[in-house]
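Open the model in your viewer and keep the selection tool at hand. We will go from stop to stop, picking a few residues each time.

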Amino acid sequence: MNKIGPHVTIAMDGPAGSGKSTVARRIAEKLGLLYLDSGAMYRAVTVLAIHNELTSDSPELIDQVKTCHIKFTNNGKRILLNDEDVSAEIRTPQVNRLVADVAKIPEIRHEIVKHQQRIGSEGSIVAEGRDLTTIVFPDADFKFYLDASVRERAKRRLAELRKQDAEATLKSVEAEIKERDEKDTTRAHSPLRTAKDAIIVDTTDKTIDEVVDFIITAICKGENPSK
């Protein structure tokens, strides 16, 4: 049940493996809000590029992003790209390797941000990504930045990848995490950074339940540095 009002925006940012996707989904479920997985949208666009054999900076891909249809169902657990369920495909190692290059293209980010803001204007949401608190929803009612050590984030990602890629190792995943962090924090357009008014949550030694409880408590108490 929604206990926090008719139109509230809760935005979360953080690097890969920080736990923000799982945390945001659970909070949305507990509060009865829509879950917006912004990262899944960029992954869907990456799948679009792979399917059409397009490079991340090709004008053709940018044109297709403008006209493609991306839809979330089952409270964000499933994502449809032009009515095709790509929920599993967006989590493959190939997409993991390419998504940062797609996400750094300004024209693509511009189009995705418009979709995100439209969804946010339609009602209360819990949104997570890498520029939600700084670019997409700078006036969000609540802002959180989730983080964890590189080693811990690599362990979490490895557990996911081993379900699909038996060749993955902690060393290789840690290297990919560091490379992704570098790309996310140094890209010219909408880099990953901590909003000055965001509550920082270190999830390294915390369980998902502990993080969820901490954030929901902060929301219910109205703890928001930006207000």
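Which residue in β5 is the bridge partner of Leu80? Select Asp85: this is the β5 residue that bridges to Leu80. A word before we go further: this is a predicted model, in which local features need pLDDT of at least 70 and side-chain atom pairs count only at pLDDT 80 or more, while totals for chains, interfaces and linings use all residues. Residues are numbered from 1 along each chain as its sequence is written, and side-chain values use heavy atoms, with hydrogens and water left out.

**Stop 1: the three-stranded sheet**

Helices (H or I, at least four residues) and strands (E, at least two) are DSSP runs, numbered from the N terminus. Two strands count as paired if DSSP finds at least two bridges between them. Colour β3, β4 and β5: they form an open sheet in the order β3-β4-β5, with antiparallel pairing. β3 and β5 are the edge strands, each pairing on one side only.

Begin with β3 (residues 70–73), which is joined to β4 by four bridges in the antiparallel sense. Ile70 stands opposite Leu81, and Thr73 has Arg78 of β4 as its bridge partner. Now move to the hairpin of β3 and β4, with four residues between the strands; Asn74 has a positive phi near 55° there.

Continue to β5 (residues 84–85), which pairs with β4 over two bridges, again in the antiparallel sense. The hairpin of β4 and β5 has two residues between the strands, and Asn82 in its turn takes a positive phi of about 50°.

**Stop 2**

Next, show α2, which lies across β3, β4 and β5 and runs at about 40° to β4. Axes here are lines fitted to C-alpha atoms, for helices over the stretch in contact, and angles run from 0 to 180 degrees between N-to-C directions.

The axes of α2 and α4 come within 9 Å and cross at roughly 105°. The two helices are therefore roughly perpendicular to each other; angles under 35 degrees count as roughly parallel, over 145 as roughly antiparallel, 65 to 115 as roughly perpendicular and the rest as oblique. To see the contact (heavy atoms within 4.5 Å), select Tyr42, Arg43, Val45, Thr46, Val47 and Ile50 of α2 together with Gln94, Val95, Asn96, Leu98, Val99, Val102 and Ala103 of α4. By class, these are nine nonpolar, three polar and one charged. Ala, Val, Leu, Ile, Met, Phe, Trp, Tyr, Cys and Pro count as nonpolar, Asp, Glu, Lys and Arg as charged, and the others, Gly among them, as polar.

**Stop 3: α4 and α8**

Stay with α4 (residues 93–103) and bring in α8 (residues 170–186): they pack at an angle of about 10°, with axes 10 Å apart. That makes α4 roughly parallel to α8. Select Arg97, Val99, Ala100 and Asp101 in α4, which meet Glu176, Arg180 and Lys183 in α8. This contact has two nonpolar, no polar and five charged residues.

**Stop 4: two pockets**

A pocket is found on a 1 Å grid over the protein atoms alone: it is an open set of points where a 1.4 Å probe fits, with protein on both sides within 12 Å along at least five of seven lines, and lining residues have an atom within 4 Å of a point. Grid points are joined across faces, edges and corners, and a volume is the space filled by probe spheres set on the points.

The second largest pocket has a volume of about 230 Å³. Select Asn96, Arg97, Glu176, Ile177 and Arg180, which lie nearest its centre among the 13 lining residues. α8 gives the most to this lining, with six residues.

The largest pocket has a volume of about 800 Å³. Of its 40 lining residues, select Ser21, Arg43, Arg91, Arg157 and Glu160, the closest to the centre. Its lining has 10 nonpolar, 12 polar and 18 charged residues.

**Stop 5: the five-stranded sheet**

Finally, colour the open sheet of five strands, β2-β6-β1-β7-β8, whose pairing is parallel. Its edge strands are β2 (34–37) and β8 (199–202), each pairing on one side only. Neighbouring strands of this sheet are turned by 20° against each other on average, direction ignored. End on β7 (residues 142–147), which four bridges join to β8; select Phe144 and its bridge partner in β8, Ile199.
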